[in-house]
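Please keep the sequence and the structure in view while reading.

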Amino acid sequence: MQTKRYVFSIIIPVFNGADYLERTVGSVLAQTVKDIEIIIVDDHSSDNSFQIAQNLCSGSPDIFLYKNEGQRGQGFCRNLGCEKARGKYIAFLDCDDFLENDFLEVLSYPLKDPAIDFAACGYDKITKDDFLYSYLPPIGQQKGGAAFLPLLKKTELLVWNKLYKKSFLAKYQLKHRLPFYGEDWLFSLECYLNAREYYNVPSTSYYYYQRHDSFTHVPLRTEEFPHILEFLSNLGSILEKSSLLPQERAHVSRQLLYSLLHCYLLPVYERFTDAERNKLHESIKAYFPESFAVIAMLFDGLAAAVPKLTNK
C-alpha cells in the first residue's frame, strides 16, 4: 500500500484540552491549502481529550492520533509528532490555540526560497472574552546565527508561530530538549542560531488563547525545581556548541536568564530552600560565569522582597 504524501504536518500536543480541541483542529481543516496531515499527541490527559481526538480521527483520514507513553511534557509530544510527520513542512499548534485560515498559505510562500529555513508570523493573544494584544516580530527576510542577536530582544522565542522545513530540522537534529519550562525557548534559539535565513511575514495569523488552567500559566512548583537546572544545563550546552563569540554567548545567556527569572522563578523563589537557592546560584555561575554579576543585579531589582542572589 502506498503511503500518502503530505505537504504540511501540523503537530498538536494535547493535555486536558477537551474544551478546545475541536476548534483547534477545525482551524487546520479550514486552511486555504490542501495536503495537510494533523498529528495529535495525547499527553496523559485526565479528561476526555483522547476520546474527542478519536472521534476527530474517525471523521478524517488525514488526522492521526498517538499517545505519549513516556514522560509527560509538550516538548516530548512535539518530538514524537516530528518522528511521525510525513510533510515537507512542519508546524506546531497548541491544543487550545487556533489558526487564521491562511496561516499555512502565508507562511509557506517564503519557504519556496531555498535559503529560507523557516517562516514566522505574529499572533493575537486572546481570552474567552477579551483581546489582550498583538505581537509582530521584525518583518522581512533575516539572517540566522550571530546576525540574529541584534533582534533577540524584539523576538519572542516561540515554537508555534512558525512553519519549518522538515529538512532543516533533520539536518541539524533539532528537537525539544526538555518536556516543559523553557523547552520552547531552547528549541527556538537553536533554530535561529542554525538557520541560514528566515522570513517574518507581516501577519498575525495565529491566535494564542490564554486560559487560567493551562500549563503555561500554572506557577512553578518547588518540587519541579530540577527542571530549571536542566534548562540551565541545556542552555549552557547550546551556547558552548555554537559558533558564537564569548561576548555573544554572554548576551544570549543574559537575555534568557532574565526571562527565566521573570517568568518562572520570581513567583516561587521565596519558597525555595537554602539548598535549592545555593544550587541555583552555583549552576548559574558554572554555566554562565560571564553573566552572573549582571543576573545577580537583575534579580536584586526584580525580587527585592526575597534574599539577594549574591556571589558568596
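The model is a predicted one, and across the protein chain the mean pLDDT is 90, with 91% of the residues reaching 70 or more. Over residues 305-312, however, the pLDDT is below 50, although this stretch has 21 contacts in the model beyond near neighbours in sequence.

We begin with the strands. Strand β2, which covers residues 36-42, pairs with strand β3, residues 63-67, in the parallel sense, and 5 bridges join the two. One of the residues to look for is D42, whose bridge partner in β3 is K67. Together with helix α2, which covers residues 49-58, the strands β2 and β3 make a right-handed β-α-β unit.

We turn next to the helices. Two packed helices are described by the angle between their axes and the distance between the axes.

| Helix pair | Axes come within | Axes cross at roughly |
|---|---|---|
| α7 (residues 225-241) and α9 (residues 274-287) | 10 Å | 10 degrees |
| α6 (residues 183-194) and α7 | 11 Å | 5 degrees |

Because a crossing angle under 35 degrees counts as roughly parallel, α7 is roughly parallel to α9, and α6 is likewise roughly parallel to α7.

Which residues of α7 meet α9? They are F225, I228, L229, L232 and S233, and on the side of α9 they meet E276, K279, L280, S283, I284 and Y287. The residues of this contact between α7 and α9 divide into 7 nonpolar, 2 polar and 2 charged.

In the other pair, W185, L186, L189, E190 and L193 of α6 meet F231, N234, L235, I238 and L239 of α7. Sorted by class, the contact of α6 with α7 has 8 nonpolar, 1 polar and 1 charged residues.

Technical notes. Residues are numbered from 1 along each chain as its sequence is written. This is a predicted model: local features need pLDDT of at least 70, side-chain atom pairs count only at pLDDT 80 or more; totals for chains, interfaces and linings use all residues. Side-chain values use heavy atoms; hydrogens and water are left out. Two strands pair if DSSP finds at least two bridges between them. Helices (H or I, at least four residues) and strands (E, at least two) are DSSP runs, numbered from the N terminus. A crossover is right-handed if, with the strands pointing away from the viewer, the path from the first strand over the helix to the second runs clockwise. Axes are lines fitted to C-alpha atoms, for helices over the stretch in contact, and angles run from 0 to 180 degrees between N-to-C directions. Angles under 35 degrees count as roughly parallel, over 145 as roughly antiparallel, 65 to 115 as roughly perpendicular and the rest as oblique. Contact means heavy atoms within 4.5 Å. Ala, Val, Leu, Ile, Met, Phe, Trp, Tyr, Cys and Pro count as nonpolar, Asp, Glu, Lys and Arg as charged, and the others, Gly among them, as polar. pLDDT is the predictor's confidence in each residue, from 0 to 100.
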